[in-house]
Amino acid sequence: MSRPSMTQKQIDVVIATYAAERADCAAMFGASTNILGFAVSSLGLAIIFLPNPKGVPEEWLFLISSIPWALLSYHSIMAGATGGHAFQCREYEHLIAKVAPDPIVYKEYENNDEVIFGSSIGERYITPRVARFPRWFAWYFSVLLLCGLPALYSSSIIFHLFRRSIFWGVLTCCVALVGLVVVAVNHRENVVRPEINETRRRGV
């Protein structure tokens with residue numbers, strides 16, 4: 001299998017930069033997972049406060065409803081950033097495939113480009129655009145619950161707030177609606193990936 005050759009200096013630069021990108025990608029993935037864990041933990045506050053919401057101040061109920069949406073919104077951004085780093089790793093893997101030994105080089109399913117075993121393999125498990133049915137169904141199902149369960153959680157709090165204070169009820173409802181829209185739209189953008197498509201069009 002013949003491939004264009006690179007100088008040793010070019011190979012060293014590509015390998016070093018690829019290693020840095022892989023480290024950044026792993027760090028971003030870990031951070032986004034931790035944020036999601038904090039969001040799920042914050043939902044547990046309902047177990048403590050909602051059995052007797054009458055004894056909880058309105059501003060506390062507002063915070064209990066709003067904090068998960070803030071964390072989920074930030075998680076959706078971090079998930080997109082992780083996808084961007086994965087794209088960069090994939091491009092470096094294309095370059096490395098030009099000088100890599102044949103046993104670690106394979107051809108991608110989508111466009112038959114040569115790439116080394118790396119982040120692009122993992123993408124086939126988690127990216128809805130290329131994953132097999134059980135995996136992309138699990139992705140959509142998890143995103144649906146990621147938006148739906150906090151929405152039900154906030155609705156319960158908003159119901160109790162409207163019975164006590166119109167102001168706090170309206171404010172909490174507005175924050176929950178904005179959070180739901182932000183999370184849903186950002187996860188859609190994470191699938192469509194307009195920034196990556198724009199980068200490819202520009203040939204960067």
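**Exercise A.** Determine whether His85 counts as buried or exposed from its relative accessibility, and identify the residues that His85 touches.

*Solution.* The model is predicted: local features need pLDDT of at least 70, side-chain atom pairs count only at pLDDT 80 or more, and totals for chains, interfaces and linings use all residues. Residues are numbered from 1 along each chain as its sequence is written, and side-chain values use heavy atoms, with hydrogens and water left out.

Step 1. The classes are buried (under 20% relative accessible area), exposed (over 50%) and partly exposed (in between), with a 1.4 Å probe and protein chains only. His85 has 16% relative accessibility and therefore counts as buried.

Step 2. His85 belongs to helix α3; helices (H or I, at least four residues) and strands (E, at least two) are DSSP runs, numbered from the N terminus.

Step 3. Contact means heavy atoms within 4.5 Å. Setting aside residues up to four places away in sequence, His85 touches Glu21, Asp24, Cys25 and Met28.

**Exercise B.** Describe the surroundings of Thr82 and of Ser42.

*Solution.* Step 1. Thr82 is another residue placed in helix α3. Its relative accessibility is 10%, so Thr82 is classed as buried.

Step 1. With residues up to four places away not counted, Thr82 touches Cys25, Met28, Phe29 and Ser32. For the pair Thr82 and Ser32, the C-alpha to C-alpha separation is 8.1 Å, against 50 residues in sequence.

Step 2. Ser42 lies in helix α1 and is buried, at 8% relative accessible area. Beyond its neighbours within four places in sequence, Ser42 contacts Ile67, Pro68, Leu71 and Tyr153.

**Exercise C.** State how many salt bridges the structure holds, and characterise each pair by distance, location and accessibility.

*Solution.* Step 1. Side chains of opposite charge can pair when their charged atoms come close. The criterion here is a side-chain nitrogen of Lys or Arg within 4 Å of a carboxyl oxygen of Asp or Glu. The structure holds 3 salt bridges.

Step 1. Glu93 pairs with Arg22, with the closest N and O atoms 3.8 Å apart. This pair joins distant parts of the chain, 71 residues apart: Glu93 is in helix α3 (residues 58-97) and Arg22 in helix α1 (residues 8-43). Glu93 is buried at 0% relative accessibility, whereas Arg22 is partly exposed at 36%.

Step 2. Glu58 and Arg164 form a salt bridge with an N to O distance of 3.7 Å. Arg164 is partly exposed, with 31% relative accessibility.

Step 3. Glu189 and Arg188 meet at 2.9 Å, N to O. Glu189 is partly exposed at 27% relative accessibility, and Arg188 is exposed at 52%.

**Exercise E.** Classify the packing of α5 with α6 and of α3 with α6 as parallel or antiparallel.

*Solution.* Step 1. Two packed helices are described by the angle between their axes and the distance between the axes. Axes are lines fitted to C-alpha atoms, for helices over the stretch in contact, and angles run from 0 to 180 degrees between N-to-C directions. Angles under 35 degrees count as roughly parallel, over 145 as roughly antiparallel, 65 to 115 as roughly perpendicular and the rest as oblique.

Step 1. The axes of α5 and α6 are 9 Å apart, at an angle of about 175°. The two helices are therefore roughly antiparallel. The contact includes Trp139, Leu146 and Phe162 of α5, and Trp168, Ala176 and Val191 of α6.

Step 2. Ala, Val, Leu, Ile, Met, Phe, Trp, Tyr, Cys and Pro count as nonpolar, Asp, Glu, Lys and Arg as charged, and the others, Gly among them, as polar. The contact of α5 with α6 comprises 17 nonpolar, 4 polar and no charged residues.

Step 3. The axes of α3 and α6 come within 9 Å and cross at roughly 10°; these helices are therefore roughly parallel. Their contact comprises 12 nonpolar, 11 polar and 2 charged residues.
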